[in-house]
Amino acid sequence: TGQESDSWLGVDMRGALANTGGLGMRALLRTPERAWVDWVMAGESYQSSADSRLLFVLPDSGQPVSIEITWLSGARQKILEPPLGRYLVLVESQDP
């Protein structure tokens with residue numbers, strides 16, 4: 001219908017210290033009806049790399065969501081009702 005929808009959420013994960021690209025980190029996105037999981041990966045093709053940000057497209061239910069990040073250190077970060085229609089930049093804490 002020509003209207004833009006805010007039914008998506010992008011995640012750009014930045015690891016601490018050596019793994020600043022966030023490779024291997026996991027994002028779990030939940031709505032009341034469903035859950036999605038995705039990992040930050042590399043190695044798309046010869047001498048190039050695709051966008052390492054994750055993109056989740058949600059149904060137009062308007063239901064609140066949460067996203068849980070599992071960092072390579074094993075630490076978890078949960079965000080309740082993140083803003084939709086944009087990319088979140090999440091940086092791993094360097095605190096033990």
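Visitor: How many salt bridges does the count come to?
Guide: This is a predicted model, where local features need pLDDT of at least 70, side-chain atom pairs count only at pLDDT 80 or more, and totals for chains, interfaces and linings use all residues. Side-chain values use heavy atoms, without hydrogens or water, and residues are numbered from 1 along each chain as its sequence is written. A salt bridge is a side-chain nitrogen of Lys or Arg within 4 Å of a carboxyl oxygen of Asp or Glu. By this rule, the count is 2.

Visitor: Which residue meets D12 in a salt bridge?
Guide: The N to O distance of this pair is 2.8 Å. D12 is buried at 10% relative accessible area (buried is under 20%, exposed over 50%, partly exposed in between; 1.4 Å probe, protein chains only). Its partner is R14.

Visitor: Is R76 buried or exposed?
Guide: R76 forms a salt bridge with E68, with the closest N and O atoms 3.3 Å apart. E68 counts as buried, at 17% relative accessibility. R76 has 59% relative accessibility, so R76 counts as exposed.

Visitor: In which strand is G10 found?
Guide: Strands are DSSP runs of E, at least two residues, numbered from the N terminus. G10 is buried, with a relative accessible area of 0%. The strand holding G10 covers residues 8–14 and is β1.

Visitor: What separates the C-alpha atoms of G10 and R53?
Guide: Contact means heavy atoms within 4.5 Å. Leaving aside neighbours within four places in sequence, G10 contacts L54, L55, R86, Y87 and L88. G10 and R53 are 43 residues apart along the chain, and their C-alpha atoms are separated by 6.8 Å.

Methods:
Helices (H or I, at least four residues) and strands (E, at least two) are DSSP runs, numbered from the N terminus.
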